[in-house]
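This briefing describes one protein structure for a reader who is new to the subject. Please keep the sequence and the structure in view while reading.

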Amino acid sequence: MVGRRGIGRALTLRALLDARAAGLRVAILQASADGLALYEQIGFVATGRITEYKPPGEGVR
C-alpha cells in the first residue's frame with residue numbers, strides 16, 4: 001500500500017475543481033475507512049453509513 005504522498009488528495013481535489021468549473025455544486029462519495037480522514041480534511045461530512053456484506057473469503061487482504 002502506498003500512502004501519505006498526497007496523490008489521493010490531489011486527484012480528489014482535481015475532480016472537485018473540474019466539477020465546480022462545469023457548474024456542479026454538490027459532490028457525494030462513498031469512502032472506505034482508509035480514506036475517511038482524507039475526505040474529512042477536504043471538507044466532506046459523514047451523513048450516513050453503508051454496510052457492505054460479502055461472501056466469506058472475498059475482499060480479504
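Asp18 counts as partly exposed, because its relative accessibility is 41%, a value that lies between the 20% limit for buried and the 50% limit for exposed residues. The model is predicted.

- Asp18 is part of helix α1, which covers residues 7-21.
- Ala31 and Asp18 are 13 residues apart along the chain, and 20 Å separates their C-alpha atoms.
- Which side chain does Asp18 meet in a salt bridge? The partner is Arg14, with an N to O distance of 3.1 Å.
- Asp18 and Arg14 are 4 residues apart in helix α1, so about one helical turn separates them.
- Arg14 is also partly exposed, since its relative accessible area is 47%.

**The salt bridge of Glu52**

- How many salt bridges does the count give by this rule? The count comes to 2 salt bridges.
- Glu52 forms a salt bridge with Lys54, and their closest N and O atoms are 3.2 Å apart.
- Glu52 counts as exposed, because its relative accessibility is 54% and the class of exposed residues begins over 50%.

**Charge across the protein**

- The protein carries 9 positive and 5 negative side chains.
- The centres of the positive set and the negative set lie 9 Å apart.

**Overall form**

- The secondary structure of the protein consists of 2 helices and 0 strands.
- The radius of gyration of the protein is 14 Å, whereas a compact globule of 61 residues would have a value near 10 Å.
- The C-alpha trace spans about 45 × 25 × 20 Å along its principal axes.

**Burial and surface**

- What share of the 61 residues of the protein counts as buried? The share is 5%, where buried means under 20% relative accessible area.
- The protein exposes about 5800 Å².

Note on methods:
Residues numbered from 1 in each chain as written. Predicted model: local features only at pLDDT ≥ 70, side-chain atom pairs only at ≥ 80, totals over all residues. Heavy atoms only, no water. Buried < 20%, exposed > 50% of the residue type's maximum accessible area, 1.4 Å probe, protein only. Rg over C-alpha atoms; globule rule 2.2 N^0.38 Å. Areas by Shrake-Rupley, 256 points an atom, 1.4 Å probe, with all protein chains shown as cover. Lys, Arg positive; Asp, Glu negative; His and termini not counted. Charge placed at Lys NZ, Arg CZ, Asp CG, Glu CD. Salt bridge = Lys/Arg side-chain N within 4 Å of Asp/Glu carboxyl O.
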